[in-house]
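Thank you all for coming; I would like to walk you through one structure this morning.

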2 protein chains.
Amino acid sequence: MAATRAKRATTALSAGSRELQTRLATFERFLTRAVRERAGGPGRLGQALRYAALSPGKRLRPLLVLTACEAVGGEWKRALPAAVAVECVHAFSLVHDDLPAMDDDDYRRGRLTTHKKFGEALGVLSGDALIAFAFEELTRLREQGVPDARVVDAVRRLGRAAGAEELVGGQALDIAAEGRKATASAVRHIHTRKTGALMGTSLALGALAGDAPARTVERLHETGVMLGFAFQIHDDLLNAGSTLGTLGKRVGTDEARGKATYPAAVGEKRARAEAARIMKSVETAIARHCEKPELLESLIEATARRDR
Amino acid sequence: MAATRAKRATTALSAGSRELQTRLATFERFLTRAVRERAGGPGRLGQALRYAALSPGKRLRPLLVLTACEAVGGEWKRALPAAVAVECVHAFSLVHDDLPAMDDDDYRRGRLTTHKKFGEALGVLSGDALIAFAFEELTRLREQGVPDARVVDAVRRLGRAAGAEELVGGQALDIAAEGRKATASAVRHIHTRKTGALMGTSLALGALAGDAPARTVERLHETGVMLGFAFQIHDDLLNAGSTLGTLGKRVGTDEARGKATYPAAVGEKRARAEAARIMKSVETAIARHCEKPELLESLIEATARRDR
């Protein structure tokens, strides 16, 4: 079952190297076991939580964690609990964003959203439980030999990234901006928070698990934030033109809903140019700060290329 | 402003000693500063988060943290970030429990619930942000001189307590049990999770900050879980007979809604006897495992006596 899921996710990546596929398959097994054994227990809440956490996905954030660990010279398997933690925070944010009070979406990744399948109460509660589980799981870095001081730093970064100043704050701003004409800087403000913060944290957590110097952790964190912004621009360009089949959710929804997107704020041409400019500076930063950047670079390249 | 809030909360305790009042006033200042400076930022989300976290309350859980730290021979101020963390997890659980999809309450602690005042989206998001903030804040134990290994242990315990197996799981079971006749053991199962888990964690976190031996931390954790169950029985007995003025929320609501309560399952007389029996074993455990149990004992006694 985990293998099927891994295969589906790999296909979505569309150009993963053999090394990326190995890491992805190992991550899927690790995530499935972590969630089945320790998150949710029996009953409907457990079902809802597993439905949300184990739904097929690109697993971009966990792969960023693992390849960042490797890029700074670490053993990637050490970072697996951090990869699970960021994926669970990501899954929580999707479940809650889809709620009727928020974006009110019925489909996600080609399946019914969690609250449509299990009801709204379990939609809220499974998201809540996923946040808590992410932090519990993060402490398992200790069992991988990561020093306690680094685990504490990881918790602090993930707590900040998930909270009111970053991910959740970005979602609040996103909702508030709906239906208004947003400026380029307002959109950047929203997306560096809503998407960038968790990607930055993914790189930072990988670097922490890989025992990188504090300065490298910090630089990779900042680089990941910008990477997230570029990916969001890319997604928004896709959303404007995609179909349900390739994107797995309703299309043209951002426009219909009046979502603040960078292409809408500055035009498609300028948005493409800005994304390309950011990607170039991300590549430069990664090459400068990592001793073995190849796999991280190939992940980023494959992601940027998908669906084109 | 913080002083007014502290005064109100102290009054609610109804019989706090001077030492408890000192700790409460210091906690209120610490909480207010933490939330204002680091949680929520500007905008409506920040307002909603502060409304939820700084609303008047008994502050029972943070006082359990501080007095448990002292009971094991620690300096109580070291435990302040842990006290903030458990109060924020408690505040999150109240905000989400009050949502329309859950208990659908309009009033809490005598004021409009967060989602009634700020809308449902910000009700969900402010709760989410409070969980994340709790973990970020917990890492600040390090700045109080608590060793990293103990901070990691504290994060693991709080993650577990807040998640699907405990607090959130208890809420899911509570909702599922509505309108059905619950057995005594089913009610115990719900309340040791929904109320007990966070009280157990409060004692454990205080003991960790106070540098207690691992065995003492474990015993106090278990003791706190039982204490939470006894307090829940006490609350349910109160709820059945109280008025809006003393309880600050709609009354008789548990009965009207068919909530699973211990008095409903076994009758009022047996429920009182069971609560008294648990309180006795809690007292015994605390006296056995703590070197300076007096203030923790007086807090528990004052809480058990309130509103009688």
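Predicted model: local features only at pLDDT ≥ 70, side-chain atom pairs only at ≥ 80, totals over all residues.

The expected span is 1.5 Å times one less than the number of residues, and helices here are DSSP runs (H or I, at least four residues), numbered from the N terminus. Seen down the axis of α2(A), the buried residues fall within an arc of 145°, so they line one face of the helix; the arc is that of the directions from the helix axis to the C-beta atoms.

Residues are numbered from 1 along each chain as its sequence is written, and chains are lettered from A and ligands numbered from 1 in the order in which they are written.

The buried residues of α2(A) include A:L20, A:L24, A:F27 and A:L31, whereas the face turned away from them carries the exposed residues A:R18, A:R33 and A:E37. Buried means that 20 or more other C-beta atoms, placed from the backbone, lie within 10 Å of a residue's own, and exposed means 12 or fewer, with partly exposed in between. After α2(A) comes A:G40, whose phi is positive, near 105°.

Turning to helix α3 of chain A, residues 43-53, we find A:L49, A:A52 and A:A53 among its buried residues. What covers the buried residues of α3(A) includes α2, α5, α6 and α7 of chain A, together with α9 of chain B. A:L130 touches A:L49, A:A52 and A:A53, among others, where a contact is a pair of C-beta atoms within 7 Å, placed from the backbone.

Finally, chain B can be laid on chain A with an RMSD of 0.0 Å by a turn of 180° and a shift of 0.0 Å along the axis, superposing by least squares on the C-alpha atoms of residues with pLDDT of at least 70 in both. That is the relation of a two-fold axis.

Conventions:
Helix = DSSP H or I, 4+ residues; strand = E, 2+ residues; numbered from the N terminus. Contact = placed C-beta atoms within 7 Å. Lists of a residue's contacts leave out its neighbours within four places in sequence.
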